[in-house]
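Please walk through this structure with me, from the overall build to single contacts.

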Amino acid sequence: MTDLLTDPLIRAAPHGALSLPGVLAALARDEIASFPAMRPHQAPAWHMFLVQLAALALVAEDTDEIPTDEADWARLLRGLTTDFPEDEPWRLVVDDWTKPAFLQPPVPDGVKLSGEVATADALDLLITSRNHDLKQAIARAGAPEDWVFALVSLQTMEGYGGAGNHGIARMNGGSSSRPMLGLAPAQHLAGRAVEPRLGAHFGRDVEILLATRDDQLDDRWSHLDYPMEGGLGLSWLAPWPEGSQLKLSELDIWFIEVCRRVRLVSRDGTLSARRGTSKAQRIAAKPFNGAVGDPWAPTHKTEAKSFTLGEADFDYRTLSRLLFGEKGKKGHEANWEIPLLATPTEAEQDQDTLVLVAQALSRGNSKTDGFKSRVLPIRHRILRGFGSDDQRARLYELAQAQMADIEVFDLAIRNGLARMSAAGERELTKDDYAHAADARRRFANVVDAVFFEALWDRFEAQDASEAAVDAVGIAFARRLFERASALFEAELGAVPCASLFRWRAEARARADFDRTVRRTFPDLFPRQHRPEADDDVDSSAA
């Protein structure tokens, strides 16, 4: 039970266990709700693997019709491995290591695989400094599907892991990560778009890859010299002599790579792995800094590199920078090119809401800072704006205006709580400001949840009038004021302060908070009555 083409190894709700062709067929019919055994960080790798695999198989068949029948997919996949009539490239275990196995390249003479891996999760790409957030090496009764997901995750997403453990070509450096930024048809719950539909997402991406293949090869990525046809798509089929590298000119533009020497073995029905090192990165692509035609990766227009999430998150600042541009030396610059599969097609610009799926591992030097995932609903009127430089520039302006508003309230929280820490004294220290850090982080999370809905409202209000745009902006500021005030008041009592000075400190802290906000948003405060000279007041009274 290790042949992915014939054995039902992969559980897919609601169908139960399916073969790999069965998974592709069910996705094509949009009948899969989830993969129950999959860990969250494995989801983008699995989606991209399936899309690339399907596209490679359809191009080899010279067809753009996506089959819905399992037998058709089995035939198409075998068409990619005609030199192996025993299905070795699709088997998890092949005892003859001179032949490939699933995502496992042949082992050349003289190369030893001495590292033993007992569990699938230990083979996976996660690097953790502590064994309490996500436990390591616990899947000792792991099923074959656990090894399938771990292999896909490792071989298509891994970075540099020390001497001899090289990373993939589709990332900007060994401490980076491979991002997935793409649009997907939405699954709705209670009238709201909440997540992508797995099958519709798969079908959309495959169709776009097929429809744009010639343009991508002839124009956008022509400098990489990918062959128009005949390039190697399944890189684990090729021999891997020590020190040798595959060139991009030998590969299909949608190649599925392997970056590590790994082989699975079976002892008494239990799977384990053996792994080794390599002298060189499998694919010779270091000069391209990850910008090698990955249809899910944002690429920098001037620096020719793929996007690195680093230790950040897909928050409103990061996504605004990728989608709308950023401030450069000469003003607004759309430095990041939206990837192919995050660009709406002409037909999609008039459809109902799609969701933007943004996912990546947050990686540093030999560590990960967590799997970052965000699903952002995008209204169709906003989608139309993505296709126009002028409209993207306008979205940038509106986003910058909202960020400026946010900074006012963030500063108010910072100033007020620092004043509280200083017991109301005028001089503030670095330690005083540090007392506001937790509240500011919570405020940033609150803002992040409402930022884009407010931005879409502002953009759509342009169709009415500038006054309508301003009204949406005022409503956003009022909402921020309510949230910031609540956070500030909740935190005020927790800031340490000598009881002798607490009343004074709280009064001055509130005054600082109000003063900071009032300078920019005076209309958020009730107007106080000021008696005029002609009021019925005895001005001569003592």
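**Overall build**

Of the protein's 542 residues, 52% count as buried. The model is a predicted one. Its secondary structure comes to 13 helices and 17 strands. Along the principal axes, the C-alpha atoms fill a box of roughly 110 × 50 × 45 Å.

Start with strand β10, residues 270–276. Five of its seven residues are buried, so the rest of the structure largely encloses β10. Which strands pair with β10 in the antiparallel sense? Strand β9, residues 261–267, runs antiparallel to β10 and is joined to it by seven bridges. Within this pairing, V265 has S272 of β10 as its bridge partner. Strands β9 and β10 form a hairpin with two residues between the strands. There, D268 takes a positive phi near 55°. Strand β3, residues 115–117, also pairs with β10 in the antiparallel sense, over three bridges. Here E116 has R274 of β10 as its bridge partner. In a regular strand, side chains alternate between the two faces of the sheet.

Now turn to the charged side chains. Side chains of opposite charge can pair when their charged atoms come close. How many salt bridges are there? The count comes to 35 salt bridges.

One of them joins R178 and D294, at 2.8 Å from N to O. This pair links distant parts of the chain, 116 residues apart. R178 sits in the loop between α5 (144–157) and β4 (180–189). D294 sits in the loop between β11 (283–284) and β12 (299–300). Are these two residues buried or exposed? Both R178 and D294 are buried.

A second salt bridge connects R213 with D252, where the closest N and O atoms are 2.7 Å apart. R213 lies in helix α6 (residues 198–220) and D252 in strand β8 (residues 251–256), so the pair ties together parts 39 residues apart in sequence. R213 is buried, and D252 is buried too.

A further salt bridge runs between R458 and D405, with the closest N and O atoms 3.3 Å apart. R458 belongs to helix α11 and D405 to helix α9 (residues 389–421), so this pair ties together parts that are 53 residues apart in sequence. Buried means under 20% relative accessible area. R458 has a relative accessible area of 6%, so it is buried. D405 counts as buried because its relative accessibility is 13%. Salt bridges that share partners also join R379, E453, D457 and E460 into one network.

Stay with helix α11, which spans residues 437–461 and holds A449. What is the relative accessibility of A449? It is 62%, so A449 counts as exposed. A449 lies 134 residues from D315 in sequence. In space, the two are 9.0 Å apart, C-alpha to C-alpha.

The surface comes last. Which residues gather in a patch of negative charge there? They are D62, D64, E65, E207 and E229. Take E65 as an example: its place is the loop between α2 (43–61) and α3 (70–78). Its relative accessible area is 62%, so E65 is exposed.

Terms used. Residues are numbered from 1 along each chain as its sequence is written. This is a predicted model: local features need pLDDT of at least 70, side-chain atom pairs count only at pLDDT 80 or more; totals for chains, interfaces and linings use all residues. Side-chain values use heavy atoms; hydrogens and water are left out. Patches are made of residues with over 30% relative accessible area and no salt bridge: like charges are joined within 9 Å, nonpolar side chains (Val, Leu, Ile, Met, Phe, Trp, Tyr) within 5 Å. Accessible areas come from the Shrake-Rupley method with a 1.4 Å probe; for residues, only the protein chains shown count as cover. A salt bridge is a side-chain nitrogen of Lys or Arg within 4 Å of a carboxyl oxygen of Asp or Glu. Lys and Arg count as positive and Asp and Glu as negative; His and the chain ends are not counted. The place of a charge is taken as NZ of Lys, CZ of Arg, CG of Asp or CD of Glu. Helices (H or I, at least four residues) and strands (E, at least two) are DSSP runs, numbered from the N terminus. Buried means under 20% relative accessible area, exposed over 50%, partly exposed in between (1.4 Å probe, protein chains only). Two strands pair if DSSP finds at least two bridges between them.
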